[in-house]
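Please open the model in a viewer and keep the sequence at hand. The tour begins with the whole chain and then moves to particular side chains.

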Amino acid sequence: MSMETNRPAHGVPGAGHGPGGDPGAGYEKRDANIPDLLKFGFWMAVVIAVTMVSMKFTFGYLDRTQTVQAPATTFTTQRELPPSPRLQVAARQELKDYCADQEKELNTYGWVDQRLKVVHIPVDKAMDMVLKNGLPVRANAPTGAAAVSVPPPMVAGGADLGGPCAYASGEGGDDASAGGKAAELGRMP
C-alpha cells in the first residue's frame, strides 16, 4: 500500500477504497454521525433555553414574595474582640510585667482590704514571724471523712519549682542563661 489513500497498491485487494468498498471516498464515514450530533446540539439548546426561562420566572417570583433586609456592612457595628483566650501580641513583655507585679507584691507591704484591715507583708518577714510564733493549731483535729491525708506536692522533673517567673529571679545567672532556661522549660517563645 502506498502513502496515498486514493491510489491502490499493487496486489492488495480493496486498497484505496472506502469502508464500503466504494472507490474514491478517502475517509472513514462511520467516525461521526452528523445528524445525531445536530439532534444532540438542538436538544441541548432547548434544555438551556428552558432552564434560563424557568430561572427568570423563579427569580421574579422570589422578588415579589420575599422581603430582604438591608445587608449588614462592616461599618455599621463596632469590631468585637473574639472570646477569650486571645493571642498575646507581646507575650515576653506581658510576662515581665506580670513577674514584676508578683515580685512587688511578695516583697512590699500593702493593703489587701483596707475596710477589713487585711494587709500583705513581705514573704521573708512572714516566714520570720511563723518561725518566731509558730503556725496556728486547730482546737480539735478533724476525724472521719473530714480527716484527709494530703500527699506533699510533686513537680515532674523538679525544674519548674520557681513557677513562670523563675527565669527572672536572677538565680540562674545572666539574662542569656535565664532566656535559655525559659526556652527549655517551654515558658517563652
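A contact here means heavy atoms within 4.5 Å. In this predicted model, 24% of the contacts between residues at least 6 apart in sequence join residues at least 24 apart.

Begin with the whole protein in a cartoon view. Four helices and two strands are present, and from the N terminus on they follow the order α-α-β-β-α-α. Next, display the surface. The accessible area amounts to about 17,100 Å², and carbon and sulfur atoms contribute 61% of this area. Of the 189 residues, 8% count as buried.

Now select helix 1, which covers residues 34-65. Met 44 is located in this helix. Its relative accessibility is 38%, so Met 44 is classed as partly exposed, between the limits of 20% and 50%.

Then select Phe 42 and Trp 43 and show their side chains. How are the two rings arranged? The ring centres of Phe 42 and Trp 43 lie 5.1 Å apart and the planes meet at 70°, so the pair is edge-to-face.

Trp 43, at 56%, counts as exposed, because the exposed class begins over 50%.

Terms used
Residues numbered from 1 in each chain as written. Predicted model: local features only at pLDDT ≥ 70, side-chain atom pairs only at ≥ 80, totals over all residues. Heavy atoms only, no water. Buried < 20%, exposed > 50% of the residue type's maximum accessible area, 1.4 Å probe, protein only. Phe/Tyr/Trp six-rings, centres within 6.5 Å; stacked < 30°, edge-to-face > 60°. Areas by Shrake-Rupley, 256 points an atom, 1.4 Å probe, with all protein chains shown as cover.
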